[in-house]
Structure formats: C-alpha cells, structure tokens
Amino acid sequence: MNSTMTDSATRQNRQVLLRRRPEGLVSHDDTEMVTTPAPMPAEGEALLRTTYVGIDAAARTWLDGEPGYLPALELGDVVRVAGIGEVVETRCDAYKVGDVVTTLTGLQDYAIIRDDLFSTPVVGYTDPLAVMSIYGPTGATAYFGMKGVGKPQAGETVVVSAAAGATGSVAGQIAKIAGARVVGIAGGPDKCRAVVEDFGFDACIDYKAGNLVAALKEQCPDGIDVYFDNVGGDILNAALGNLAHKARVVMCGIISSYLTGDHPGPSNYVNLLSKTATMQGFNALEEWAHFDEAFDALRGWEQQGLLVHRETVYDGIESSVDALNGLFTGANIGKMLVKINDPSRG
Ligand SMILES: NC(=O)c1ccc[n+]([C@@H]2O[C@H](COP(=O)([O-])OP(=O)(O)OC[C@H]3O[C@@H](n4cnc5c(N)ncnc54)[C@H](OP(=O)(O)O)[C@@H]3O)[C@@H](O)[C@H]2O)c1
C-alpha cells in the first residue's frame, strides 16, 4: 500500500446530513453528524480538505426541498454550503496537492472536486476569510447588485438593509466609494455602531428600536435614490414609502421570509409609479463569467484602504447548525463562517 492509499484509508470524514425538513429555524434533530472514511478520488477527481464554509441564506432554502438554481436536497444528503479548502490528493490535471479551491464543499471535512463550474482555484489571495467575504460570490453579489443595478451617483442617497451583514456591508461601502451618502439599516446598537465605525456608512438606523418610517424620513429628507434590499417585508415597505424621483430598488434578497416561505406584497409599491422608480431583482451567479472584474475592483479598493471586510467565525463543524440559525437571528457582523479545519497555510 503506498502512502496516498494509507492517508485515504485513515482520513475520517465528519458529515452533517439532512434528516428532516426544518420548519422555521433548524432544530438539532433536523440534521445528524456521521463519521465515515473520506472518499477516494477517482480518475479526473481530487480530494479537498475543507477549512472554512460560508453560511448563506441560500443554504437554509436548500433544506426545504424546493428546486431553485440548484436541485433540491434529498433527505440523507450532506447539507449543501459553499466553502474553501486545500487539495490533499489529486487524480485531476487541474489541481495539485496544496492548491486552495472554493467549491460547494458541503458541511463535511472532505469533498470530492472536479474541474467544473462549481470549483474555482484561488489564485493570488492568501487569506481564506477575505476570499469568503469579498473575493467570492458574496463580494460579487454586492458589486454587481450595487454597480450594475443600483448604479449610485455622487451626491445620491443610498439605503442598504442588513447593512452589518456580509453582502450589505460591502454593498454600502461600494456606494460610498461612488460618492453617495449611505444609510444602513441593521438590528441593534452594536450592529449600527459597526456599520458606521467599521464599514464607514454615514448613518445607521436600528430597525429594532421602532419608528423605522420616521427614521428613514429623518435620515433621507430628499428621499432614497437607491435602496439595496436584503430583507423584504416591512423594511422594504418602509423604504418604498420614501423613494426619490427615479429611484432604483435593488432586490438582492428577502431574508425576512425565508423561514416561513410567505412573501407578503409591499403596499407602498404604488410609489414605483408616482416616483417613476424601478425595482429590479438580480442573481449574481448570472455574472459568473465576469466575477474577475468584481474581484479586481474590490481588491483595488481594499488595497487603497477604502474597503474593509469582517467575519463572524463559529468554531467547529458541530456549531454549523447554530451558525445557520444565527443568520436569521442576526448573530453575525460581516460574513458568517464556520471553521471546519485549520488551514495548513495562509
Ligand atoms: N441576489 C443574489 O444573487 C444574492 C446572492 C447572495 C445573497 N443574496 C441575499 O443577500 C441577503 C444577505 O445575505 P448574506 O449572506 O449577506 O447574509 P447576512 O446579511 O450576512 O446575514 C443576514 C442578516 O439578515 C438580517 N436579518 C435576518 N432576518 C431578518 C429579518 N426577519 N428582518 C430583518 N433583518 C433580518 C440579520 O441582520 P440584523 O441583525 O441586522 O437583522 C442577519 O445578520 C439575503 O437575503 C440573501 O438571500 C442574494
């Protein structure tokens, strides 16, 4: 037996499997952690050791059994999440041992990867947290949603919901770089402090303090030119009630309704007519071919000190269900991550 076969035989793979479709927050009985031998890569495959996984709202929607842009998960499947890891074994020309790759790792120690659309070698970035925060789909979402759909101009007023979160914190900074006045909406004084002091927004409204409608009017007396919405529901309705002429409403996500599946319509949509405003949804993955454009811009801004990123890191695969629920209870500032294994470098 050669050393590679020995390694494969001894590698244990902890996996979090979906056992029951959750209702609302994920209960610990909805998933089960099992340990099995790590899979052996076949010809054309490589074995990736997961270091960090990102906890995204989409990961919760995938548990519901409804097909979206990816097929629905079946009971017994590994819970699907995107992550980053290091190649530890390879039978694929595209990867060598030690390469760092982002892919749909799933909640597990080891994942099989191929040379396909889902797996992207990380070149030029050594900080896995930065890759998960800004040099991956989250950064690209903020970039294409704000630059491509919101199109903020210098002097305009931009409002961002879930402003302390992964997407919102980056989207707001991009609007600041464009010269806009940027107002965040976030839950609680600590988050609002981070939005202003860490992410450099001009102001932040604590929606949990009540009076969101009045606070938006006070902070945006001439109306909102760009509203970047991560939340939907009452917060979207309040923003629609204070639009400026020719406003752009960017529909990035509706996290307030992912746990229930109910999507009540905002009555203030009538202002789209009176303000000659537009509301547009977008899917960042449709910009996949142009992600490098986003990463180049984000990297330039980070190097100039104009863009910062933060992460909330839960430690250990055992904490992944808590981390997923934390996205819906507001436990994160910046990108929600779970550390699965220590990186060997970076
Ligand atoms: N269109 C696309 O291509 C695309 C791609 C990726 C993500 N998204 C969307 O972007 C949004 C943000 O995702 P993310 O991964 O960056 O998450 P995130 O903003 O880092 O975390 C979610 C935040 O949402 C807030 N929140 C949760 N439930 C809420 C509720 N009922 N009402 C108000 N706020 C609530 C919480 O912050 P507070 O403590 O401030 O409430 C929480 O921290 C999601 O809607 C997601 O679906 C869209």
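Residue K246 is located in strand β12 (residues 243–251); helices (H or I, at least four residues) and strands (E, at least two) are DSSP runs, numbered from the N terminus. The structure is a predicted model, in which local features need pLDDT of at least 70, side-chain atom pairs count only at pLDDT 80 or more, and totals for chains, interfaces and linings use all residues. Residues are numbered from 1 along each chain as its sequence is written, and side-chain values use heavy atoms, with hydrogens and water left out.

K246 has a phi near 65°, a positive value in a residue other than glycine. Most residues other than glycine have a negative phi. With 48% relative accessibility, K246 is classed as partly exposed (buried means under 20% relative accessible area, exposed over 50%, and partly exposed in between, with a 1.4 Å probe and protein chains only). A positive phi, near 45°, is also found at A162, a residue of the loop between β8 and α5 (166–177). A162 is partly exposed, at a relative accessible area of 31%.

The protein has a mean pLDDT of 95, and 97% of its residues reach 70 or more. Among its elements, the lowest mean, 59, belongs to helix α1 (residues 3–10), and the highest, 99, to strand β8 (residues 157–160).

Helix α4 (residues 137–150) is largely enclosed by the rest of the structure, because eleven of its 14 residues are buried. The buried residues include G139, Y143, F144, M146 and V149. T141, also in helix α4, is buried with a relative accessible area of 15%. A polar atom of the T141 side chain lies 2.7 Å from the backbone oxygen of P137. When residues up to four places away in sequence are not counted, T141 touches M146, T167, F228, C252, F282 and A284, contact being defined as heavy atoms within 4.5 Å. Just after α4, K151 adopts a positive phi of about 50°.

The count of salt bridges comes to 16, each being a side-chain nitrogen of Lys or Arg within 4 Å of a carboxyl oxygen of Asp or Glu. One of them joins the side chains of E86 and R49, at 3.5 Å from N to O. This pair links distant parts of the chain, since E86 is in strand β4 (residues 83–90) and R49 in strand β3 (residues 45–54), 37 residues apart. E86 is buried, at 7% relative accessibility. In another salt bridge, between R60 and D64, the closest N and O atoms are 2.8 Å apart. R60 is buried, with a relative accessible area of 1%, whereas D64 is partly exposed at 29% relative accessibility. The side chains of K96 and D99 likewise meet in a salt bridge (3.0 Å, N to O). Here K96 is exposed at 56% relative accessibility, while D99 is buried at 16%. Salt bridges that share partners also join R14, D109 and E318 into one network.

On the surface, Y69, L117, F118, L285 and W288 form a nonpolar patch with about 500 Å² of accessible area together. Accessible areas come from the Shrake-Rupley method with a 1.4 Å probe, and for residues only the protein chains shown count as cover. Patches are made of residues with over 30% relative accessible area and no salt bridge, like charges being joined within 9 Å and nonpolar side chains (Val, Leu, Ile, Met, Phe, Trp, Tyr) within 5 Å. W288 lies in the loop between β13 (278–281) and α10 (291–303) and is partly exposed, with a relative accessible area of 32%.

Technical notes:
pLDDT is the predictor's confidence in each residue, from 0 to 100. A polar contact is a pair of N or O atoms within 3.5 Å; within protein, one must be able to donate a hydrogen and the other to accept it, and residues adjacent in sequence count only if both atoms are side-chain atoms.
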